[in-house]
Amino acid sequence: MPRFAANLTMMFNEWPFLDRFAAAADAGFEAVEFLFPYEHRPDAIAERLAKNGLCQVLFNLPPGNWAGGERGLASLPGRFDELRVGVEAALSYAEATGVKRLHLMSGIASRDDKEAVEAYRKAIVWTAGKLADRGIDLLIEPINGRDMPGYFLNDFGFAEALVRDLALPNLKLQFDIYHRQIMHGDVTMALRRVMPLIGHIQIASVPSRHEPATGELNDHFIFDELDRLGYAGFVGCEYRPSSKTLDGLSWLAPYTGERQRPISGAKRGALT
């Protein structure tokens with residue numbers, strides 16, 4: 001049976017960020033992920049994880065100037081020193097949270113630019129080596145151009161070939177089912193082919209990026225397929241709730257069972 005991690009960047013936005021950990025645990029999640037932790041102290045996040053019995057499964061390395069439109073530094077020639085500083089900063093959060101997977105965003109660049117390709121490969125090799133010293137996997141994720149126009153890593157075939165070519169023990173593919181369906185389709189066959197390369201899986205409905213089982217894919221079939229393929233990791237719920245987060249969690253009930261806890265009156269009050 002798949003295990004699910006709530007994405008606290010997209011879900012439980014009815015609560016302040018640090019309160020989302022408790023809300024996710026009460027809703028039945030045993031793990032969380034999010035885009036970035038850097039607005040909060042590492043010990044503050046670690047405390048929320050421990051207090052709520054949650055596992056941190058993933059977050060992103062610093063992306064550059066996110067508010068200014070940057071979406072990663074790895075493919076940007078001339079930004080390598082900044083990338084190195086960001087990796088060092090992320091490692092302090094990794095140590096505090098115990099996370100074993102970090103995602104390196106590629107940035108906005110063209111794969112037709114040879115300097116961008118060279119910069120990306122260099123960034124991956126250096127970062128993977130740095131993370132390997134801490135027992136952490138480095139993930140790269142293809143992202144569709146509709147959600148992130150101009151993103152360098154916007155093709156699963158290129159990402160798969162790169163992982164195989166570099167052959168770094170801790171370099172893995174982050175397989176987002178939503179992005180895969182929009183870019184290429186053929187989700188199940190792709191999962192079967194690249195499962196040995198996968199370090200993390202994420203889910204959202206297509207085309208609206210809402211709750212699983214509300215779009216064009218048979219997400220429950222996909223969850224069963226992950227079991228058949230022996231996937232033992234968490235599935236990150238990187239979706240935008242169509243309404244309030246709790247109102248859309250009926251899809252999760254078959255997979256949580258006794259883990260689900262009633263939300264306390266104090267926590268419910270946080271919604272008002």
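## Gln 56 and its side-chain contact

A polar atom of the side chain of Gln 56 lies 3.0 Å from the backbone oxygen of Leu 58, a polar contact being a pair of N or O atoms within 3.5 Å in which, within protein, one must be able to donate a hydrogen and the other to accept it, while residues adjacent in sequence count only if both atoms are side-chain atoms. This is a predicted model, in which local features need pLDDT of at least 70 and side-chain atom pairs count only at pLDDT 80 or more, whereas totals for chains, interfaces and linings use all residues. Residues are numbered from 1 along each chain as its sequence is written, and side-chain values use heavy atoms, with hydrogens and water left out.

Gln 56 is found in strand S3, where helices (H or I, at least four residues) and strands (E, at least two) are DSSP runs numbered from the N terminus. Gln 56 counts as buried because its relative accessibility is 2%; buried means under 20% relative accessible area, exposed over 50% and partly exposed in between, with a 1.4 Å probe and protein chains only. Beyond its neighbours within four places in sequence, Gln 56 is in contact (heavy atoms within 4.5 Å) with residues including Phe 21, Val 32, Ile 45, Leu 49 and Val 99.

Not counting residues up to four places away in sequence, Val 57 touches Glu 33, Arg 101, His 200 and Phe 234, among others.

## Helix H2 and its cover

The buried residues of helix H2, which runs over residues 42-51, are Ala 44, Ile 45, Ala 46 and Leu 49. What covers them includes helix H1 (20-26), strand S2 (31-33), strand S3 (55-60) and helix H3 (80-97). Just after H2, Gly 53 takes a positive phi of about 65°.

## The chain as a whole

The secondary structure of the chain comes to 10 helices and eight strands, and buried residues make up 52% of its 272 residues. Of the contacts with a separation of 6 or more, 77% are between residues 24 or more positions apart. The C-alpha trace spans about 55 × 40 × 30 Å along its principal axes.
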